[in-house]
Amino acid sequence: DVEQESRLQRKRGIVDREDPPYLWVVIGEGALAQAVGGPEVMRAQLQHLYEMSERPNISLRVLPFEAGANPGVDGNFQVISLDKRDIAYVGAQKGGRLIEDPNEVSELAFMFDRIGAKAASEADSRALIKRWLEEHSHEGAVA
């Protein structure tokens, strides 16, 4: 779909520019485990995550299954630091909500910190991504 490809190109432009922003990402291990699109698609997605995790401007950490319940189970959200203020975006099916109220943004930033406190280190997260990459590589193998 043209719209999806356009969005993907914009995102690539952000992380590949000369002075890219710093991204701090926490992703649940379930997203690595759940096969979406088949083994080839999963391998490509996990390989991309692994490569992104090696960039100096990206901190990608995995929240392992063992971490248990956390404030992120209700859905995804982003806290975005701009020059003069922070904003947030809360995702939802059929759209999401941009949050500009400083109190709500602070609450989400605090939640993000709590989730991050339970996440694996960057090195351990890369190892988890690699493990799931290998797992999905075996799914499409012919015996």
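Predicted model: local features only at pLDDT ≥ 70, side-chain atom pairs only at ≥ 80, totals over all residues.
Local features need pLDDT of at least 70, side-chain atom pairs count only at pLDDT 80 or more, and totals for chains, interfaces and linings use all residues. Residues are numbered from 1 along each chain as its sequence is written, and side-chain values use heavy atoms, leaving out hydrogens and water.

Q: Why is Asn70 called buried?
A: Buried means under 20% relative accessible area (1.4 Å probe, protein chains only). Asn70 has 14% relative accessibility, so Asn70 counts as buried.

Q: What does Asn70 touch, not counting residues up to four places away in sequence?
A: Leu63, Ile115 and Lys118. Contact means heavy atoms within 4.5 Å.

Q: Why is Lys94 called exposed?
A: The cut-off for exposed is over 50%. Lys94 has a relative accessible area of 89%, so Lys94 is exposed. Lys94 lies in the loop between strand 4 (86–92) and strand 5 (95–99). Strands are DSSP runs of E, at least two residues, and helices are runs of H or I, at least four, both numbered from the N terminus.

Q: How do you know that strand 3 and strand 4 pair?
A: Two strands pair if DSSP finds at least two bridges between them. Here 5 bridges join strand 3 to strand 4, and the two run antiparallel. Val79 stands opposite Ala88 in strand 4.

Q: What makes strand 3 and strand 5 edge strands?
A: The open sheet has 3 strands in the order 3-4-5, with antiparallel pairing. Strand 3 and strand 5 each have a single partner strand, so one side of each is left without a neighbour in the sheet.
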